[in-house]
Amino acid sequence: MEDAKMGNAATIRAVLAILQWWGFNVTVIIINKWIFQKLEFKFPLTVSCVHFICSSIGAYIAIKVLKTKPLIEVATEDRWRRIFPMSFVFCINIVLGNVSLRYIPVSFMQTIKSFTPATTVILQWLVWRKYFEWRIWASLIPIVGGILLTSVTELSFNTFGFCAAMVGCLATSTKTILAESLLHGYKFDSINTVYYMAPFATMILSVPAMVLEGSGVVSWLYTYESVGPALAIIVTSGVLAFCLNFSIFYVIHSTTAVTFNVAGNLKVAVAVLVSWMIFRNPISAMNAVGCAVTLVGCTFYGYVRHLISQHQATVATGGGGPRTPRGRLEMLPLTAEKQGDKI
């Protein structure tokens, strides 16, 4: 009886964790799109910089003042040798996401982001010469096919926005792969990750933002009618972006890897639906099918990874099963599924 109550409590906690994660994630995406489209604040570098600043302050308060998480100490040398390169790629990833959001609908941008598993596997295979078994490659087919169908049938297609989103996928994959080597030995959670990376990202982006968008921002401040409320919305988006990191931390510790994977793909579907209800961007039937195929493919990919990891764990503990020749080791692709979208 006691076990049943604990199981029910764990289930309720997991559901609540997923719902609040969805809420923060979708809200941040919708507000960012609203800033670019409705507020006519077409400055993605500046918006990203605001997010980094809010996250830097928020992480400092969370760790140093509220002490919600213990600070993971990192040597000064490692901060520049390991954290800074990660922060640079991290910065590019966030900026490209906001750039793509300015030019293409949320539905299209979110679908393209689902291409990240494929870019991660391909990069590891091409650059790092890692080998994967046929099931991993087969699971990527619906993802690639869905992206192609969605791109061809997108009614609001924009080449620049599409390229920004695709390069953003490569940046996400690069960040995930680099994290394995650069952050080896450090067990970062989402809050500590932001604590160290957000200040570096702010430093990296502040000068380009001022040079490329400074005059435009000043012009907007003088010409936009309701500057006060608009600035409040922009800052709110930065605060919510930081809160998203707490929600990621909570959901990671309340769900399994499989649940997290499925919930992540359903989150994309929720973001697509909510964005369509708000912005009413045209979506053709084939475009919706392409999006659905992509999300199903991502879920299938996550399921295949789970099966392979279970098999490898069984073999490693002497549970039997065919062993792979050492020279052609079938490896699991790295994944960012336990990190999600930060800032």
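Reply: A residue is called buried here when its relative accessible area is under 20%. By that cut-off, helix H6 of this predicted model has the following buried residues: Ile136, Ser139, Leu140, Ile143, Gly146, Ile147, Thr150, Ser151 and Thr153. H6 covers residues 134–153, which is 20 residues. From its first C-alpha to its last, H6 reaches 29 Å, close to the 28 Å expected at 1.5 Å a residue. The UniProt annotation "transmembrane region", from an unreviewed entry, includes 134–153 among its ranges.

Ser114 lies in the loop between helix H4 (106–113) and helix H5 (116–126). Leaving aside neighbours within four places in sequence, Ser114 is in contact with Ile143, and also with Val268, Thr294, Leu295 and Cys298.

Some context for the whole chain follows. The protein contains eleven helices and zero strands, and its elements, read from the N terminus, run α-α-α-α-α-α-α-α-α-α-α. Of the 343 residues in the protein, 49% are buried. Among contacts between residues at least 6 apart in sequence, 87% join residues at least 24 apart.

Two further annotated ranges can be compared with the model. Over residues 83–104 the chain is 95% helix and 0% strand, with the end C-alpha atoms 31 Å apart. Over residues 194–211 the figures are 100% helix and 0% strand, and the end C-alpha atoms are 25 Å apart.

The remaining item is a helix pair. Helix H3 spans residues 76–103 and helix H8 spans residues 190–223; their axes come within 8 Å and cross at roughly 65 degrees. Angles of 65 to 115 degrees count as roughly perpendicular, and H3 and H8 are therefore roughly perpendicular to each other. Their crossing is right-handed. On the H3 side, the contact is made by Arg79, Trp80, Ile83, Phe84, Met86, Ser87, Phe88, Phe90, Cys91 and Val95. On the H8 side, Tyr196, Met197, Phe200, Ala201, Met203, Ile204 and Leu205 take part.

Methods: Residues numbered from 1 in each chain as written. Predicted model: local features only at pLDDT ≥ 70, side-chain atom pairs only at ≥ 80, totals over all residues. Heavy atoms only, no water. UniProt positions renumbered as here; feature names shortened; annotations may be inferred. Helix = DSSP H or I, 4+ residues; strand = E, 2+ residues; numbered from the N terminus. Expected span 1.5 Å × (residues − 1). Buried < 20%, exposed > 50% of the residue type's maximum accessible area, 1.4 Å probe, protein only. Axes fitted to C-alpha atoms, helices over the stretch in contact; angles between N-to-C directions. Parallel < 35°, antiparallel > 145°, perpendicular 65-115°, else oblique. Left-handed = near helix turned anticlockwise from the far one by under 90°. Contact = heavy atoms within 4.5 Å.
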